[in-house]
Amino acid sequence: MRKLLLFIFFLLACPILAQVVSVTPHTAGLDDNITLIFDASKGNKALAGYNGTIYAHTGVTTSPTNDGWQYVQGNWGTADAPLALTPLGNDQYSLTMNIRTFYGIPQGVNVYKLAFVFRNQDGSIVARAEGNTDIFWELYDPVLNHQPLPPNIEDGINYIDNSTVILSLFAPNKDSVYVKGDFSNWQINANHKMYRTHDGRRYWIELSGLIPQQEYAYQFWIDGYLTVADPLCEKVLDPWNDWEISNVVYPNLKAYPFGQTDGIVSIFQTDQTPYNWVAPTIQNPAKTDLVIYELLIRDFIDDHHYLTLIDSLDYFQRLGINVIELMPITEFEGNKSWGYNPDYMLAPDKYYGTQNHLKAFIDACHQRGISVIMDMVLNHAFGLSPMVQMYWDGSLNQPTNDSPWFNSVGTHDFGTGFDFNHQSYATQNYVERVLNHWIDNYKIDGFRFDLSKGFTQNNTLGNIGAWNAYDVSRVNLWKQYGDMIWAKDADSYLILEHFANNDEETELANYGFMLWGNLNHSFSEASMSWISSSDFGWASYQHRGWSQPHLVSYMESHDEERVMYKTLLYGNGVAGYDTQDFPTALERSALNATFYFSLPGPKMIWQFGELGYDYSINHCADGSNNGGCRTDPKPIRWDYEQEPLRRDLFEVYAKMIHLKKNYAPFKTTNYDIDLGGNTKRITLYHNDFDVNVVGNFDVVAQNDNVYFPYTGWWYDCFTQDSIYISNTYAPLALEAGEYRLYTSQKINQGVTFQAKVLLEGAYNENGMMHTNLNEFIPLTHPYNVAPYNYADNESLSSIPANMVDWVLVEARSGTPSPTGSRSTITVETKAALLLNDGSIVAADGNPLRFENLNNGQAYHFCIRHRNHLDILTSNALNTTANLTYDFTNNINQAFGSLQQKMMTDGFAVMYAGDYTQDGVIQLSDFDAWKVFPAQINLYDLVDGNLDGVVQVTDFDIWVFNKAKIGAVEIGF
């Protein structure tokens, strides 16, 4: 073991040692004239700043494996003139020699390294490498093609300048490696034979004269028979699957070099334009506040494109989640996989878009206060991985015994692909490289590690119980990985899919990891009302005996059957109440959600669970269900949003998430639970107020004695009703599936925003507008189309007599920008009614209410109208229960320069005439009007004076406002 540790230390130290001296020419051989440069500021720095003469004490090594000095030059403690260095300034010194002559090396003797220390005349001060070790410089060997790796070069692609790269491949025990590609016309030739380091572990080559910004494809040719791509490249071309990727998702994808090579090829590109991050960092939410949304891009949006995914962020903010977990996005085999069959861990899979598209998505999330974590697959790799192919035993169809990374045979029964050996230093270095890459280059906020229990060399094949048991080597490895990641990013979320025995999970949770907690079965049973197996108490971290709230419990994940599907198919029922009825099944999902989010600790939602997604995990394209279709594409049902009952479920999720994030009792460490029977309870204790959640999970009514912490008034958070409790065990009548969330004090149910605005087109006088458009106004708001794309479905049964039109109201966080680009983030949006006195009210006639604004935060509010210039409050409003704002009393109430018009009677109005909805009143708006300048009895964008008639009066109102530019902060 000691020899192994010394060997590893030498590997780690070599790049540092090489920086103490450098040699010109770099490819020097034994018969060459060289100039050596000694940097006294490097190494142990003993001679840094020294003012006297410095002497070299030097020799050579004549064995590739032994660093003993031969042909030593210099007499210790004397002023040897031939060994005196020439000072160059700034702690730099030089020595020029012919190697063979200087050391007196006879013909026939091989020299592998030059060896040095440096001293003052009497030898009382000696400069060495860091750690006070000798300094070595490897010589080029033209026979074995040996040459030391240049300083500061890491495995993979190293960009030296705009026309030069150095490629380095970690390939122990290989005899020869060539690189071929566009730069060699895909030919194997001597100019592209890679140098081998003396330790035989790496091959490298410098490629120069490259065209800046041009993409070059390349591969490695190993030992005369094997062609592979670079395992550490950041982009690949796939001859079998790239044809499926559209030019919209990945514009101008480089063509595969068919006819010149086969297999996957790597790409490098010098002088790449860097991505300009707006929000490279984010204040990650506390672990107690996490609401994670797990999604598979392929099954979430039709075009599986990062840029389209950005369009979903308004939806996520309405829901209230604060973390998005992307299922694996590193380059995997095929296109339509779940992604757990990875091959190139530094390369984003092109099926979802370009590298900059991914960065734009992460950037957009950060701008909205949403963190992004990756599902990281480092338990295994698959057969197209070059790391697998480089060490492959074709006769046994498994990795060879000398693979630096993989076990020949997996160590546990749940293995898939080919099993990484995480006790190997090569694997550990690879893991560090991969994770640092995503943190540094993509600003990833954390990782969910797939199959983390597999990171062990403890062989338990045939004994799953032994695999589950406490494994000290596995625990220590994960602590090592955690320390490594947290040293780089102290706030990084690290989530393990572990499912080991509780003693092991407890130790890891207390160390700082979060762990997945699968409660799918229990919550499914609760939804279906099979009471005997419906206890979901294991969703509580305290119930497991953990001291830290690091349990990411979930009702659904990508790996579990959908609760709604199971309820509709297998649910319990009686006459008059059947959980298999669709409306009842949705209500049961709301019951589950209320209890789930009430339990303190981080939470996770699987995509569309908040809308009651009811397709089986095994759904097939032909409509059947079959286990063979488990990872097949599933229907994408954004239309669920338009179904009122599913929207009701969404609102329960949003409400519970809002409570969880914004009210201290839902983060408490002091709580108790009673989740075993038909009537279940969660009680949260906190100095602010206490919470009692009760629900009847049976299919028949219950009238049970329910525990309350103390007597007095309690307030139902959902219905706003109150109840007086006269006994701490109070009889409570609950219908089947009924639930209550009681608080000991009334809490603010969101924020009301009461605003007044006036539209120029409808303005009469004295702060009043006409309602001439009233009979043509649609019952559902008109903002569900571009450029607004507002998805909620506020609607009316009839148009109120005093209604002028629909408006759209946005609550925005951040500080608005007067110039440049938008800097605020839309947190929540509502469609509302504009009444003739300028008042804005909700569709039900009550004050407009925002449910997802954070306590103590200030927000700007934007008012949009479909053919008037949109406006933004000039100042931010601090959240209280009731906010008011009047745009009509001064034009400066709108943010920006003269963004409202002052009428002769002293009222400020919104400018009319933005018929194209682009934030500028200009010629294009006239062009839109003149297409049909004479129409009657209609609801139309170019009806600027809102009277139901398109005529010259709409031109007149436009012409006075032409060339009016809206605030850049709110334009589309």
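**Exercise 1.** How do the residues of the lining of the second largest pocket divide into nonpolar, polar and charged?

*Solution.* The model is predicted: local features require pLDDT of at least 70, side-chain atom pairs count only at pLDDT 80 or more, and totals for chains, interfaces and linings use all residues. Residues are numbered from 1 along each chain as its sequence is written, and side-chain values use heavy atoms, without hydrogens and water.

Step 1. On a 1 Å grid over the protein atoms alone, a pocket is an open set of points where a 1.4 Å probe fits, with protein on both sides within 12 Å along at least five of seven lines; lining residues have an atom within 4 Å of a point.

Step 2. The lining comprises 36 residues, and Ile310, Asp311, Ser312, Asp314 and Arg368 lie nearest the pocket centre.

Step 3. Of the lining residues, 15 are nonpolar, twelve polar and nine charged.

**Exercise 2.** Identify the element that supplies the largest share of this lining.

*Solution.* Step 1. At least two lining residues come from each of α3 (306–310), α4 (313–319), α5 (355–367), β44 (803–813) and β45 (825–835). Helices (H or I, at least four residues) and strands (E, at least two) are DSSP runs, numbered from the N terminus.

Step 2. The largest share, four residues, belongs to α4.

**Exercise 3.** Describe the protein chain as a whole.

*Solution.* Step 1. The chain contains 16 helices and 57 strands.

Step 2. Its C-alpha trace spans about 110 × 70 × 60 Å along the principal axes.

Step 3. Of its 972 residues, 58% are buried, that is, under 20% relative accessible area (1.4 Å probe, protein chains only).

Terms used:
Nonpolar A, V, L, I, M, F, W, Y, C, P; charged D, E, K, R; others polar. Buried < 20%, exposed > 50% of the residue type's maximum accessible area, 1.4 Å probe, protein only.
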